Amino acid sequence: MSLLSIRGISKVFPGGTVAVDDFSLDVASGELVCLLGPSGSGKSTVLRMIGGFERPTAGVVSIDDEEVTHVPPNRRPTGMVFQSHALWTHMNVYKNLAFGLRLRGLPANEIRDKVEAVLELVGLAGYGRRMTNQLSGGQQQRVALARSLVLEPKILLLDEPFASLDQHLRERLREEVRDIQQRLKITTLFVTHGQDEALSMADRIVVMRNGRTEQADRPEVIYRDPQTPFVAGFIGTMNFVEGVVEKGRFMHDNLSVPVPVSDGRATLAIRPEALGLIACDPGPATVHRVTDFGTHGLVDLQLADGTRLKAMVPEPDHFGAGQSVDLRPRAFALFRDDRQLYRTSADA
Ligand SMILES: Nc1ncnc2c1ncn2[C@@H]1O[C@H](COP(=O)(O)OP(=O)(O)OP(=O)(O)O)[C@@H](O)[C@H]1O
């Protein structure tokens, strides 16, 4: 049974912007789900509707089998951490964390125990007396997380909580949050437009586009088996070649790949690590540049019509700029009309 159930929610803002369009999702207890998508795809609006900060125009949100669609945020079993942490700067860390517990009328000794435990959990034991403006950005975000966790919500909602931090700190906090999430087994929804963040943290990724779900699946499935060209292009690097299928072969100029699909226009999609190259003169592609990364090389290629491709190769010194090569896709997908038509079973 799912802890969170979202059924056909939509949000149309005054003025007519359709931010979320008939969105449904079930989240199991203890799961960490990332909402991933480009800016404006509706991720934050979905999260805000789960937290009660935005009213859906249509649809139903239920938590633990209870409908909460129109319940205000403070009466939902959810805790939300925003991109800007919005801590109370006139209170020290301890008071920031104790505030919500005091409102609930908990006795002082219980409050102290809970605050100390949560400070320990986020790596800030001993920081209770510090004013929040005497903390670094990363520490402030930890306090914001602790302030949500101390109230023991059933669902933790994180809206790009590391967006304002530098890359290094972001990676560290990402690991810490994943660690804490697994220790507490707390059901978590995480909004991000960073694919690395989603791939490294999530049990499941929901790729959003124009307020709708484009694909929802485990990270490795999203990467290996994208169902639409949008997902294929949004996650990782993907080469796309436009062409036609005729008599069981995908054709683009003098590139020809056997495919078991019906005739018609199609887009061939190949990951750089699945694109084999062999020297062949004349061949369908010309090497533009070779970058040697030590462990592997990245070859930039160009087809006759100007289409640019990337291939990851184990021996970069076998290739040089200006060389003519043939392409040997080891694994690929074919798309037609915005949908996956075929995918090779072998992974790259
Ligand atoms: N209060 C509002 N009033 C009007 N339009 C809004 C409001 N909030 C969001 N929108 C619009 O709704 C759409 C979805 O916004 P939302 O913030 O949910 O996207 P997002 O995927 O979270 O984007 P980002 O990654 O940039 O935060 C956008 O077109 C946005 O401009």
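Strand β1 (residues 2-12) and strand β4 (residues 58-63) run antiparallel and are joined by five bridges. This pairing, like everything described below, belongs to a predicted model. Within β4, V61 is the bridge partner of I6.

Strand β4 also pairs with strand β5 (residues 66-67), in the antiparallel sense and over two bridges. Here I63 has E66 in β5 as its bridge partner. Together, β4 and β5 form a hairpin in which two residues lie between the strands. In the turn of this hairpin, D64 has a positive phi of about 55 degrees.

## The open six-stranded sheet

Another part of the model holds an open sheet of six strands, ordered β13-β12-β11-β14-β20-β21, with antiparallel pairing. The edges of this sheet are β13 (255-258) and β21 (339-343). Each of these two has a single partner strand, so one side of each is left without a neighbour in the sheet. On average, neighbouring strands of the sheet are turned by 35 degrees against each other, direction ignored.

Within this order, strand β11 (residues 239-246) pairs with strand β14 (residues 264-270) over seven bridges, in the antiparallel sense. Along this pairing, V245 stands opposite G264 in β14.

## Backbone features in loops

What is the value of phi near which K247 lies? Phi of K247 is near 45 degrees, a positive value in a residue other than glycine. K247 belongs to the loop between β11 and β12 (249-252). The residue is exposed because 7 other C-beta atoms lie within 10 Å, and a residue counts as exposed at 12 or fewer.

N210 also has a positive phi, near 50 degrees, and is a residue other than glycine. The loop between β9 (204-209) and β10 (212-217) contains N210. With 15 other C-beta atoms within 10 Å, N210 is partly exposed.

A further loop, between β15 (275-279) and β16 (285-292), contains P282. The peptide bond leading from D281 to P282 is cis, and its omega is near 0 degrees.

## Surroundings of the ligand

Which residues are found around the ligand? They are F13, T17, A19, G37, S39, G40, S41, G42, K43, S44, T45 and H193. Helix α1 (residues 43-51) supplies the largest share of this shell, namely three residues. By residue type, the shell divides into nine polar, two nonpolar and one charged.

Note on methods:
Residues numbered from 1 in each chain as written. Predicted model: local features only at pLDDT ≥ 70, side-chain atom pairs only at ≥ 80, totals over all residues. Near = placed C-beta within 6 Å. Helix = DSSP H or I, 4+ residues; strand = E, 2+ residues; numbered from the N terminus. Nonpolar A, V, L, I, M, F, W, Y, C, P; charged D, E, K, R; others polar. Pairing = 2+ DSSP bridges. Axes fitted to C-alpha atoms, helices over the stretch in contact; angles between N-to-C directions. Buried ≥ 20, exposed ≤ 12 C-beta atoms within 10 Å, placed from the backbone.
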